[in-house]
Amino acid sequence: MLLDRISLILVIVGALNWGGIGLFRFDLVAWLCGGQDSVVARIIYTLVALAGIWCVSLLFRSRESEYSGS
């Protein structure tokens, strides 16, 4: 499903960003968007959070329903 893939990509971006913060004290999203308080950065942070919430649903889905085409 397209939404699942987009969500996983956003979660990976968020994880890499948090890794950068933890290891190097470098927030790539804030750097690219002009600071943590910029509107664009806040939108990206919100989208990553929503993607993480969506990915929780992946834990509770059965694999068979993915391949059945429904």
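Modeller: Serine 7 is buried, with a relative accessible area of 5%; buried means under 20% relative accessible area, exposed means over 50%, and partly exposed lies in between, using a 1.4 Å probe and protein chains only. Please keep in mind that this is a predicted model, where local features need pLDDT of at least 70, side-chain atom pairs count only at pLDDT 80 or more, and totals for chains, interfaces and linings use all residues. Residues are numbered from 1 along each chain as its sequence is written, and side-chain values use heavy atoms, with hydrogens and water left out.

Serine 7 sits in helix 1. Helices here are DSSP runs of H or I with at least four residues, strands are runs of E with at least two, and both are numbered from the N terminus. Leaving aside residues up to four places away in sequence, serine 7 touches Ala51, Trp54 and Cys55, where contact means heavy atoms within 4.5 Å.

From the C-alpha atom of cysteine 55 to that of isoleucine 43, 12 residues apart along the chain, the separation is 18 Å.

Two packed helices are described by the angle between their axes and the distance between the axes. Helix 1 (residues 2–24) and helix 3 (residues 39–59) have axes that come within 8 Å and cross at roughly 120 degrees. The axes are lines fitted to C-alpha atoms, for helices over the stretch in contact, and the angles run from 0 to 180 degrees between N-to-C directions. Helix 1 and helix 3 are therefore oblique to each other, since angles under 35 degrees count as roughly parallel, over 145 as roughly antiparallel, 65 to 115 as roughly perpendicular and the rest as oblique. On the helix 1 side, the contact is made by Leu3, Asp4, Ser7, Leu8, Leu10, Val11, Gly14 and Asn17; helix 3 brings Tyr45, Leu47, Val48, Ala51, Gly52, Trp54, Cys55 and Leu58. These contact residues divide into 11 nonpolar, 4 polar and 1 charged. Here Ala, Val, Leu, Ile, Met, Phe, Trp, Tyr, Cys and Pro count as nonpolar, Asp, Glu, Lys and Arg as charged, and the others, Gly among them, as polar.

Just after helix 1 comes arginine 25, with a positive phi of about 55 degrees. Most residues other than glycine have a negative phi. Arginine 25 lies in the loop between helix 1 and helix 2 and is exposed, with a relative accessible area of 81%.
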